[in-house]
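Have a look at it first, then read on.

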Amino acid sequence: MTEQIAARRPGVSVQLQRLFVRIGVLPFLLVIALIVFSSLSPRFLTSENLITVARQATYLAIVSMGQMLALLTGGFDLSVGKIIAITSVITAMTMAPLAAAHPDAVALTLTLGILAGVGAGTLVGVVNGIGVAVFNVSPFMMTLGTATISFGIALTLTSGVPVYGLPDAFGTIFNFTRIFDIPSPVYVTAGLFVVMYFLLNWTRMGRYFYAVGGNIKAARLSGISTRYYLFMAYVLCGLLAAIAGALLTARLETGEANIGASMPLDSIAACVIGGVSLRGGIGRVGNVVLGAIFIGLIQNGMDLAQIQSYLQEVVIGVLLILAVIADQLRQFVMLRLKD
Amino acid sequence: MELAATTLAPAESVGAAEAPTPVLRARGLSMQFPGVLALDGVDFDLNPGEVHVLFGENGAGKSTLIQILAGVHRPTEGGLEFNGQPVDLQGVHHARTLGISAVFQEFSLVPTLNVEENLFLGAEVTRHGVLDKIELHRRAEAILAELGFPLRARRRIHDLTRAEQQMVEIAKAFCTRLSVLILDEPTASLTDREAERLFVMVEQAKKRGVGIIYITHRMSEIRRIGDRITVLRDGKLVATLAVAEADDGRLLQLMTGRVISQVFPKIAYLPGAPLLEISKLTTAEHTVKDFNLTVRAGEVVGLAGLVGCGKSEVGRACFGLERVLSGRIAFDGRDVTGQSVRTMLDRGAFYLPPDRREEGLVMSRSVRENVSLPWLGTRFSHFGVLDRGAERTTVRDLARRLNLQPRNIEADLERFSGGNQQKVLLAKGLVSKVKLFILDEPTVGVDVGTRVAIYEFIRDLCESGAGILLISSDLPEILHLTNRTYVMYRGERRAELAGEEITQDRVLANFFERAQA
């Protein structure tokens, strides 16, 4: 009798396995991180600290959403860090002289500065897109090349020195302002997330990104212009990285050529932890944002636990590898549960 | 109508009459892959000095069986005996040390290495730890000469044709001391002369007492070199019988489990206006030369020939997938030479590629997304925003019409069997009104049930006025479904047969090189 019941109702371990297959490893990691860090530091779970985490994670979240597009189409973008750098430098170099010459025309100064900076960053994405989609250069070499070029240009323009003289309003609006106690960059990120969610789930372009990355030949035979969508993935990735660059410049209140160095790997890590396949065609934007928040949470938690920053790098690397192994395990469990 | 295995000569009786110790014997082999039982309790034995043919449809379990015998997979159940001793194969290398060598259709050559490096890969001859290149070269030349293959030992695999690569694979098997040789459709890419030489080699190997397992779909080859035949269907053993007892009708019946009239529907032949007209087509790669073809509305036209004869390229050229050097392709009265896939889809022509995993489907995405993919722009979106409701309704209806199993259009394609994946591929062509279907190997690797379903769809489409170009290596399909058939040989049109003229002998006679007059 008891055997019959046991046979009919799946055990706890099977139910856990099913949950694991359905939602992936990330929610488990988040829960573990919350438990560990809140026990290490009482300040961790305060609302002020969580807002800090949100603010810190915004830049990575935006870049990761862009990186996700490149990954979805079966490539990746190593130039996102240097796109941030060149955006920062161009934004600052446009704003500083304008602010000095026309101290009253703040709105115009901000608009022109942001447009110039974001335009420059997006242009790098355009070049990436042309290289990958038209000339069939491997994404690795193409984006590595443009990263080097952008960095070189950013250093040449600034001689390696930070650019000062940005209008105060820039930092005020795009960094310090709080609405309902939440800093403005978080709203920008939320807005971009909504746009990305809509793009990927409700538009033709989004669907085609998945199809091109899932099987480029099948996409071509379905009459899709695969070159165009490959190109667009890199352009949009560049655009998102550039927006993150502008926001970071507002936060630092200077134009810097040396920022964003860890972005390429961190953003790929956020995507992979969020379940985006490195082979393309699979991934959800919500999980990518969670992946970025998770990395932010880990860094913040370790700061509070006074783990030194060099050691933090080690922890992030270990977590990335574990996440990938967990994903392989998930595939395995999925196949076993199916039988 | 199922034919019971017991009504036929049981597996034991043929072997028992001679009673030699089988060189290889399998008992109750089962192989469970995730979601598929590929082999189900199969018994098989191979005597020294015999050619044992494995026969069955794609997906019947032939490949799985030989992979187990060659040490690629370990069976989930059942065991093997080698020369009467139980053996548990640890891998391909272990099998090779016992003298079991397999030549698979998918080659195991390293394209960047040359012929001799590939022949002795993993079994290099060394002197004091250094490769003895002179000795390797001598041995490679000796083997190639013995087999009579016109190959130079220092050529890179990458630069060889498919037939030449096939020869290297076969030569590789002969490099070691052989006791069992497994050949998986070895003549698929060989010319007649090359095939004849292979048969002579097989005869020689037989005389030396080598047991040979031979997979082929060709009846003529079975009679030419076979001693016994084992027929598999849906992973189960159907029968083992002597070649002498097996005529074509019976083999086909054993293979499909049905009589021919139950597999192939009758299609009413009411040809209408010409839909596709190809004249003097030559492709840039010269895979197709000076080729003419017409498909009318309400007609099933076959395009037959050996692998690599250019029949696939004809279909691809119609969709701008193969560069056209000269000639004209007209669809529905308009010149469409070199037009893109998009244009052809919009005008009402659909191309079904031969390899669904390679270029037909996005395996990681759902049924819904796959089926609607070619039609998002025309049917399921407004200003770039998707109409997911209409998409879901349409795909759900198609899934019902095609009897998709499981009936879950949100599941990704990895979860479906080969037959159901093929249904999804076909469904892509049924979303919109399509006038011309170019179907390249539409039933490859599917079970009989799906095969019948696909044929019935072809009938329905044809009878409702669509034109169908059926490109196929499956001879029964060509013989029983088509109203007219073109046979190609090396890129050229060899014959055009209509109605009663489409017989096995006449089609096959045009497959191969003509006897020199």
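## Two helices in chain A

At roughly what angle do the axes of helix H6 and helix H12 of chain A cross? Bear in mind that this is a predicted model. The axes of helix H6 (residues 106-134) and helix H12 (residues 226-252) of chain A cross at roughly 150°, and they come within 7 Å. Two packed helices are described by just this pair of values, the angle between the axes and the distance between them.

With angles over 145 degrees counting as roughly antiparallel, H6(A) is therefore roughly antiparallel to H12(A). The crossing of H6(A) and H12(A) is a right-handed one. As for what sits in the contact of H6(A) with H12(A), you'll find 19 nonpolar residues, 8 polar ones and 1 charged one.

## Where the chains touch

Now over to the other chain. In chain B, 24 residues are in contact with 20 residues of chain A. On chain B's side, the elements that give two or more residues are helix H12 (341-347), helix H13 (356-360) and strand E20 (385-386) of chain B. Sort that side of chain B by class and you get 13 nonpolar, 6 polar and 5 charged residues.

## A covered helix in chain B

Helix H2 (residues 62-69) of chain B is mostly covered, with 8 of its 8 residues buried. Among the buried residues of H2(B) are Leu65(B), Ile66(B), Ile68(B) and Leu69(B), and Lys62(B), Ser63(B), Thr64(B) and Gln67(B) are on the list too.

Just after H2(B) comes Gly71(B), which takes a positive phi of about 85°.

Technical notes. Residues numbered from 1 in each chain as written. Chains lettered and ligands numbered in written order. Predicted model: local features only at pLDDT ≥ 70, side-chain atom pairs only at ≥ 80, totals over all residues. Contact = placed C-beta atoms within 7 Å. Helix = DSSP H or I, 4+ residues; strand = E, 2+ residues; numbered from the N terminus. Nonpolar A, V, L, I, M, F, W, Y, C, P; charged D, E, K, R; others polar. Axes fitted to C-alpha atoms, helices over the stretch in contact; angles between N-to-C directions. Parallel < 35°, antiparallel > 145°, perpendicular 65-115°, else oblique. Left-handed = near helix turned anticlockwise from the far one by under 90°. Buried ≥ 20, exposed ≤ 12 C-beta atoms within 10 Å, placed from the backbone.
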